[in-house]
Amino acid sequence: MKKQIKNALPVSKNQSLVVAHNVNEDAGLVQYIQEIQKFPILTAEEEYEYANKWVKNQDAIAAEKLLASHLRLVVSVAYDFRNYGIPVSELIASGNMGLMQALQKFDPEKGFRFSTYAMFWIKAEMYETILNNWSIVKIGTSANQKRVFFNLSRAKRALGIMDKNLSEEQTRQIADYLKVPENDVKRMSTRISARDVSLNAPMHSDSEMHDVLSNMPDDKVGIEDTIEQMQLRHRGFELLKKHLATLPERDREILKARRLSDPAVTLESLSQKYGISRERVRQIEERAFNKLKSEILKETQGS
């Protein structure tokens with residue numbers, strides 16, 4: 001899939017910047033950042049124009065301009081995640097791959113800025129890179145185990161379980177909650193809580209002989225929590241998009257204008273547009289919002 005995405009994009013003088021082959025640490029990274037600063041930041045109108053040209057006509061120049069203008073966004077996100085122990089250059093490379101995936105799937109007619117849409121794909125690729133390098137023993141060898149990995153913290157919070165080491169009863173409760181075998185819960189809980197041990201740690205038991213780095217406390221947010229939050233946000237976006245489409249057109253447009261636009265469209269403007277009173281606009285907004293919330297809650301509680 002990723003190879004197909006790269007092949008679908010234009011081969012140009014800026015291609016190396018997009019794919020980030022030339023991103024190395026130190027001097028090379030500084031040079032890369034200096035290069036991408038030369039690309040202009042696009043307005044919303046320019047984004048829409050270039051995205052339309054790419055989607056409708058596969059315009060390579062438009063795609064290049066759209067991608068190049070967002071390379072600095074990838075760098076910004078990469079530096080936010082630099083404390084996970086992955087070289088910034090690797091995070092940038094994976095983030096640029098996410099940027100290209102975003103371009104392949106972006107629909108400019110949905111009304112969202114490309115930068116907002118691309119952010120999810122950029123972070124998703126970086127999370128995958130972090131996850132794949134988080135432990136010497138790779139996490140997740142089956143769909144059920146991955147389900148436990150991504151949702152264990154949420155399940156423990158929902159069930160009021162605070163213990164790090166799970167009892168048999170707690171394991172059963174979590175397995176029932178996540179609808180996975182107890183063995184997968186037990187196995188993944190152990191792997192998540194285990195810490196990779198430095199190979200240069202002395203074998204003596206004396207405290208002064210222990211390897212310092214392997215005994216330092218880790219105060220970073222757990223990667224499983226971070227990825228869980230990302231999945232929840234993505235799930236929420238998908239549910240919002242799905243149920244917005246079920247609303248009557250006028251209700252949907254008023255709700256989007258009032259609740260999903262920045263800045264929000266005024267009641268006066270919408271009353272003039274639809275030829276109704278401001279109070280009527282407010283009522284439609286409230287009705288649409290309550291219906292949307294009800295449908296989303298119904299689906300999330302039933303899943």
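Reader: Let's start with a pair of helices. What is the handedness of the crossing of helix 4 and helix 5?

Author: This is a predicted model, and in it the crossing of helix 4 and helix 5 is left-handed. The two helices pack at an angle of about 135°, and their axes are 8 Å apart.

Reader: How are helix 4 and helix 5 oriented to each other?

Author: Roughly antiparallel would need an angle over 145 degrees, and roughly perpendicular covers 65 to 115. The angle here is about 135°, so helix 4 and helix 5 count as oblique to each other.

Reader: Which residues make the contact?

Author: From helix 4 come Glu 47, Tyr 50, Ala 51, Lys 53 and Trp 54. Helix 5 brings Ala 62, Ala 63, Lys 65 and Leu 66. Sorted by class, six residues of this contact are nonpolar, three are charged and none is polar.

Reader: What lies in the loop between helix 4 and helix 5?

Author: Gln 58 is found in that loop. Its phi is positive, about 50°, although Gln 58 is not a glycine.

Reader: Is Gln 58 buried, exposed or partly exposed?

Author: The limits are under 20% relative accessible area for buried and over 50% for exposed. Gln 58 has a relative accessible area of 48%, so it is partly exposed.

Reader: Where else can I look for a positive phi in a residue that is not a glycine?

Author: Have a look at Lys 179, with a positive phi of about 60°. Lys 179 sits in the loop between helix 10 (168-178) and helix 11 (182-193). With 66% relative accessibility, Lys 179 counts as exposed.

Reader: Let's go back to helix 4. Is Asn 52 buried or exposed?

Author: Asn 52 has its place in helix 4, which spans residues 44-57. Its relative accessible area is 10%, so Asn 52 is buried.

Reader: Which residues does Asn 52 touch?

Author: Leaving out residues up to four places away in sequence, Asn 52 touches Asn 57, Pro 108 and Glu 109.

Reader: Now for something with rings. How do I read an aromatic pair?

Author: A pair of aromatic rings is described by the distance of the centres and the angle of the planes. This structure holds three aromatic pairs. One of them joins Phe 106 and Phe 114, with 5.1 Å centre to centre and 75° between the planes, and it is edge-to-face. Both Phe 106 and Phe 114 are buried.

Reader: What is the geometry of the pair of Phe 106 and Tyr 117?

Author: That pair is tilted, with 5.5 Å centre to centre and 50° between the planes. Phe 106 lies in the loop between helix 7 (88-105) and helix 8 (114-133), while Tyr 117 lies in helix 8, so the pair ties together parts that are 11 residues apart in sequence. Ring pairs link Phe 106, Phe 114 and Tyr 117 into a cluster.

Reader: Why does Phe 106 count as buried?

Author: The cut-off for buried is under 20%, and Phe 106 has 7% relative accessibility, so it counts as buried.

Reader: How far apart in space are Leu 103 and Leu 67?

Author: From C-alpha to C-alpha they are 7.8 Å apart, although 36 residues separate them in sequence. Leu 103 is found in helix 7 and is buried, with a relative accessible area of 2%.

Reader: To finish, how many helices and strands does the protein chain have?

Author: The protein chain has 15 helices and zero strands. Of its 303 residues, 38% count as buried. Among contacts with a separation of 6 or more, 65% come from residues 24 or more positions apart.

Notes:
Residues are numbered from 1 along each chain as its sequence is written. This is a predicted model: local features need pLDDT of at least 70, side-chain atom pairs count only at pLDDT 80 or more; totals for chains, interfaces and linings use all residues. Side-chain values use heavy atoms; hydrogens and water are left out. Helices (H or I, at least four residues) and strands (E, at least two) are DSSP runs, numbered from the N terminus. Buried means under 20% relative accessible area, exposed over 50%, partly exposed in between (1.4 Å probe, protein chains only). Contact means heavy atoms within 4.5 Å. Rings of Phe, Tyr and Trp (its six-membered ring) pair if their centres lie within 6.5 Å; planes under 30 degrees apart count as stacked, over 60 as edge-to-face and the rest as tilted. Axes are lines fitted to C-alpha atoms, for helices over the stretch in contact, and angles run from 0 to 180 degrees between N-to-C directions. Angles under 35 degrees count as roughly parallel, over 145 as roughly antiparallel, 65 to 115 as roughly perpendicular and the rest as oblique. A crossing is left-handed if the near helix is turned anticlockwise from the far one by less than a right angle, and right-handed if clockwise. Ala, Val, Leu, Ile, Met, Phe, Trp, Tyr, Cys and Pro count as nonpolar, Asp, Glu, Lys and Arg as charged, and the others, Gly among them, as polar.
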